[in-house]
Amino acid sequence: MSGSSRSILSLKSIPFLLPIIVILGLGPVALATIDKYSVSVPGGLAFSEFKGYELWPVISISQGEKVMAVIVGNPAMIAAYQAGIPGNGKPFPDGAKMAKIHWVPTKMEDAPGEPTVPGTLHDVDFMVKDSNRFADSGGWGYGQFEYNAATDEFRPGTVDDKPPQEHDAKCGFACHTIVQSKDYVFTAYQKR
């Protein structure tokens, strides 16, 4: 093989070797990052079941003492609300999903009136209606995923979190029983 053939061969192998060089250059830190869609609550509820929740329409907003939230719903959830559920006495349909995204509130000091706005992400809570899978919890599965800003990762909520979360997809059921007459859903869909 001539010298010029070796040069061409080595140039052709650069695209193949480049991903390996980049991965090795990033080291173990990049490889340790956990994809949020691989996290799940013991007992079956997975973050991946809510892929795309970031783009769902807004159902409502809320603000508690320590966090503020936006509650969003998938198309089945929004259609159910628009059909009058739960006020009409009907249950939400299987496949209806909600996500509640919590942030630590902060003041926007450079805006007029210094409005309170979302700051650091705190956690994301999910609900899915699946009457077969969650028959013993009113037909709803629940999941709370705590966010760690330092690592940019989510983990399932635990009994040490506030509110405490048990170790399965029925973790929110006890709290939601007080709204059984509303098919276990606290959030109303306000007039727009």
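I began with ring pairs: I count rings of Phe, Tyr and Trp (its six-membered ring) as paired if their centres lie within 6.5 Å, and I call planes under 30 degrees apart stacked, over 60 edge-to-face and the rest tilted. By this rule, ring pairs join Tyr 37, Phe 47, Phe 50, Tyr 53, Trp 56, Phe 126, Phe 145, Tyr 147 and Phe 154 into a cluster.

I note that the model is predicted, that local features need pLDDT of at least 70 and side-chain atom pairs count only at pLDDT 80 or more, while totals for chains, interfaces and linings use all residues. Residues are numbered from 1 along each chain as its sequence is written, and side-chain values use heavy atoms, with hydrogens and water left out.

**Entry: aromatic pairs**

I searched the whole structure and found 13 aromatic pairs. Phe 47 sits in the loop between α2 (14-32) and β1, and Phe 126 in strand β4, so to speak 79 residues apart, which links distant parts of the chain. Phe 47 and Phe 126 are both buried, where buried means under 20% relative accessible area, exposed over 50% and partly exposed in between (1.4 Å probe, protein chains only). The rings of Tyr 147 and Phe 154 also have centres 5.0 Å apart, but their planes stand at 50°, so this pair is tilted; Tyr 147 and Phe 154 are both buried.

**Entry: nonpolar cores**

I took a nonpolar core as a set of buried Ala, Val, Leu, Ile, Met, Phe, Trp, Tyr and Cys residues joined through side-chain atoms within 4.5 Å. The largest one has 19 residues, and those with the most contacts inside it are Phe 47, Phe 50, Tyr 53, Phe 126 and Phe 145. At least two residues of this core come from each of β2, β3, β4 (116-129) and β5, and β4 gives the largest share, three residues. A second, separate core of 15 residues includes Ile 59, Phe 92, Met 127 and Val 185.

**Entry: the sheet**

I traced an open sheet of six strands in the order β1-β2-β3-β4-β5-β6, with antiparallel pairing; two strands pair if DSSP finds at least two bridges between them. β1 and β6 (153-156) are the edge strands, each pairing on one side only. Seven bridges join β4 to β5, and the bridge partner of Met 127 in β5 is Tyr 142.

**Entry: helix α3**

Which residues of α3 (residues 75-82) are buried? I found Met 77, Ile 78, Ala 80 and Tyr 81. These buried residues pack against β1 (58-63), β2 (68-73), β3 (97-107) and β5 (140-148), with contact meaning heavy atoms within 4.5 Å. The face of α3 turned away from its buried side carries the exposed residues Pro 75 and Gln 82. Just after α3, Gly 84 takes a positive phi of about 100°.

**Entry: Asp 183**

I looked up Asp 183 in the segment after α4 (173-176). Is Asp 183 buried or exposed? Asp 183 is buried, with a relative accessible area of 10%. Leaving aside neighbours within four places in sequence, Asp 183 is in contact with Pro 91, Phe 92, Lys 129, Gly 138 and Trp 140.

Conventions. Helices (H or I, at least four residues) and strands (E, at least two) are DSSP runs, numbered from the N terminus.
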